[in-house]
Each structure stands twice: as C-alpha cells, then as structure tokens.
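Please read this note with the model open beside it.

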Amino acid sequence: MKAQMLSEQSSIDRRPLKLVEVDEPSIGQKDLLIKVKACGVCHTDLHIVEGDIPLHKRPIVPGHQIVGVVEKVGGAVTRFSPGDRVGVPWLNWACGRCEYCQRGYENLCVNGKFTGWDVDGGYAEYQVTSEDFTYHIPDGYSDLQAAPLLCAGVVGYRALKLAKADNAERVGLYGFGASAHIAIQVLRYWGARVFVFTRSREHQKLALELGAEWAGTANDDPGVLMQSSIIYAPAGDIIPQALGVLDKGGVLSLAGIYMTPIPQLDYELLRGEKVIVNVTNATRQDAIELLDLAPRVPIRTEIEVYPLEEANDVLLRLKESKINGSAVLQIS
C-alpha cells in the first residue's frame with residue numbers, strides 16, 4: 001500500500017515525508033482494518049513532522065482525522081462489520097486501569113497511544129485501530145467533509161467545554177483555522193456572540209461569513225470583554241492579550257498540543273478570578289458528543305482537498321496560514 005512515511009524530523013520545506021510502498025498492516029482480535037478514504041491535515045501533524053514534539057515511533061505514518069470503510073475485522077469485534085463507514089481520531093488507545101482513566105480522564109492516560117504518533121495513521125491507504133476507539137460517521141457528511149470532525153471538531157469541542165463556553169454570552173476565538181471554523185458553528189448554535197482574533201484577512205472574512213459579530217487581530221479592541229476565550233493558535237505571546245480582554249470570572253482555554261513560549265505575565269491580568277486551562281487530547285465521550293451534535297447544528301466543514309502525494313505541500317501551506325478552513329487528503 002502507499003503511505004507517506006516520516007523517518008527524520010525536519011522543516012517541512014525540506015519535504016521530510018516520503019511516499020513509499022509498504023505492506024498492508026495486520027490486525028488483532030479487537031482491531032479493524034480500515035481502507036482510508038480521507039484524512040484531515042492537522043497542526044499536530046506539522047509539529048510531529050518538524051520536531052516541535054518528539055517522535056514516539058520511527059518511522060511513523062502521520063494523520064489522525066481518518067474516515068474510511070471497514071475492510072476486515074478481528075475475531076472478537078462486535079460493534080462493526082465490513083463495509084461500515086468509520087472514523088478514527090487522535091486518541092487511539094487508553095488502558096482503562098491507570099489513575100487518570102479511573103477518574104474519567106482517559107485523555108491523560110499514562111499508557112495512552114495516539115494515532116499518527118504512537119500508531120501509524122491515516123496518510124496511507126490502510127490503517128488499523130481497535131473497535132473500542134473507532135466511531136460511526138454520521139449520515140449527511142461525505143468522507144472528505146467528515147474528516148475534520150475527528151480532531152479539529154473533537155478537540156475544538158473539548159476546548160469549548162473546558163472554557164465553559166456553553167454558558168457564555170461573549171466568546172473569543174484566537175486563530176481561525178480548522179478547529180475554530182467548526183467551534184464558531186457550535187457557539188452560534190448555543191446562542192453565543194463570537195469575536196474572532198486572527199491576523200489573516202481571509203480568515204477574518206470567513207469568520208464573519210460564519211456568524212462572528214466582530215473579527216480583527218489580537219492587537220485590536222473588540223469593544224467588549226470576553227466571558228470565555230479559546231486560543232487555537234500555537235502562539236504563547238497571545239495569552240497576555242487574551243487575558244487583557246477577558247472578563248472577571250472568565251476562562252481562557254489553550255487548545256493546542258504545542259505552543260511557543262509564554263511571556264512573563266503581569267499578575268494584574270489574572271485578577272478577578274480569571275482561569276487558564278490547558279486542553280490535553282480528548283476523550284471518547286467528547287468524540288461521541290461532537291459526532292452526535294454535528295448533524296443537529298448542522299456543522300459544515302470548509303475544506304480544501306489534496307491528493308496523498310501532496311502531503312508535504314499541504315503541510316507547508318498550513319504552516320504559512322494559507323488554508324481556509326481544513327485541508328483534507330483524499331486517499332482513495
């Protein structure tokens with residue numbers, strides 16, 4: 001099968017992903033062999049490729065927003081059958097036994113495995129995941145449109161929950177890429193007023209088209225204080241600016257797996273019982289809730305579609321903020 005393989009981390013402009021032919025993966029008793037139809041491209045993929053976060057497996061096939069069709073099932077599989085359309089997100093496996101799993105935080109599992117980081121992901125024609133960490137894709141979405149829901153949607157949704165945005169009237173979104181363009185639709189469904197902070201004029205335009213009340217940069221004054229804010233951009237220098245327009249009792253949620261250094265904070269920025277919370281992965285319950293919510297909103301993903309062969313080029317465009325919405329690789 002064809003796969004984009006990463007052996008050595010390097011700047012994306014050096015094209016570190018190599019398109020190779022590898023054997024079709026084997027499956028265990030609880031596993032599904034999935035024929036990949038589409039795989040969303042995520043900033044986490046870029047961080048893995050460029051070395052912002054260390055490799056857990058070498059070589060590795062990136063990609064963790066997978067939509068495909070079940071081709072084979074292991075002997076102990078009960079929830080899926082060949083021909084079912086399924087999705088695979090970032091959380092690939094959790095032990096269920098450690099302290100964090102027992103407390104309901106399987107996303108913090110000390111033995112956890114992640115798709116495209118510990119386990120070969122979706123930049124390939126086939127992928128293997130346990131049925132326990134695989135999901136049915138809701139009707140009404142094409143394979144390409146559904147792919148961003150598996151991470152941009154799921155992790156973005158958890159960021160909203162931790163920010164208590166479901167009870168906020170005014171919500172700020174910093175960065176307007178794959179996650180934020182889904183989050184704004186959920187927020188508008190909840191009835192929130194949304195303010196978007198992004199440098200890109202194209203992203204500002206898209207935000208306004210999707211229902212933002214205001215769009216500008218992090219240096220601009222939105223005219224009101226946010227009750228809840230989420231930073232989707234991997235830029236630590238935005239945190240003081242976001243705190244500066246966060247209301248008393250507000251929550252600032254940091255949604256990325258990686259962020260550039262956070263500058264020294266003036267304690268006054270935190271006065272009024274403001275809270276900063278970090279999002280670390282997402283649970284299966286988050287995925288279940290988001291996939292149930294998506295057709296009711298209904299969430300519509302803005303996508304740019306590329307062939308598997310152009311994975312390096314797509315990641316470079318992502319790095320340069322040239323993707324409007326989500327990029328998706330069409331695999332087969």
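1. E273 sits in the loop that runs between β14 (246-254) and β15 (275-278). Helices (H or I, at least four residues) and strands (E, at least two) are DSSP runs, numbered from the N terminus. The phi of E273 is near 60°, a positive value in a residue other than glycine. With a relative accessibility of 70%, E273 counts as exposed. Here buried means under 20% relative accessible area, exposed over 50%, and partly exposed in between (1.4 Å probe, protein chains only).

2. A word on the model and its numbering. This is a predicted model, in which local features need pLDDT of at least 70 and side-chain atom pairs count only at pLDDT 80 or more, while totals for chains, interfaces and linings use all residues. Residues are numbered from 1 along each chain as its sequence is written, and side-chain values use heavy atoms, with hydrogens and water left out.

3. Is N281 buried or exposed? N281 has a relative accessibility of 13% and so counts as buried. Its place is the loop between β15 and α8. The phi of N281 is positive too, near 65°, and this residue is not a glycine. For background, most residues other than glycine have a negative phi, and most peptide bonds are trans.

4. R158 belongs to helix α4 (residues 152-162) and, at 11% relative accessibility, counts as buried. Contact means heavy atoms within 4.5 Å.

5. Two cis peptide bonds deserve a look. One runs from R58 to P59, with omega near -5°, and P59 lies in the loop between α1 and β4 (66-73). Another joins V297 and P298, where omega is about -15°. P298 lies in the loop between α8 (284-293) and β16 (303-307).

6. Helix α1 (residues 43-50) is mostly covered, since seven of its eight residues are buried. The buried residues are T44, D45, L46, H47, I48, V49 and E50. What covers them? The cover includes β1 (2-6), β2 (17-21), β3 (31-41) and α9 (311-319). After α1 comes G51, with a positive phi near 95°.

7. How many aromatic pairs does the structure hold? There are six. Rings of Phe, Tyr and Trp (its six-membered ring) pair if their centres lie within 6.5 Å; planes under 30 degrees apart count as stacked, over 60 as edge-to-face and the rest as tilted. In one of the pairs, the rings of F114 and W117 have centres 6.1 Å apart and planes at 40°, so this pair is tilted. Both F114 and W117 are buried.

8. Y174 and F197 form a stacked pair, with 4.2 Å centre to centre and 5° between the planes. This pair links distant parts of the chain: Y174 is in strand β10 (residues 170-174) and F197 in strand β11 (residues 193-197), 23 residues apart. Y174 is buried, with a relative accessible area of 1%. F197 has 3% relative accessibility and likewise counts as buried.

9. For the chain as a whole, there are nine helices and 17 strands. The radius of gyration is 19 Å, close to the 20 Å that the globule rule gives for 332 residues, so the chain is as compact as a globular protein of that length. The radius is taken over C-alpha atoms, and the rule is 2.2 Å times the number of residues to the power 0.38. Along the principal axes, the C-alpha atoms fill a box of roughly 55 × 40 × 35 Å.

10. Buried residues make up 54% of the 332 residues. Of the contacts with a separation of 6 or more, 70% come from residues 24 or more positions apart. The chain exposes about 14100 Å², and carbon and sulfur atoms supply 46% of that area. Accessible areas come from the Shrake-Rupley method with a 1.4 Å probe; for residues, only the protein chains shown count as cover.
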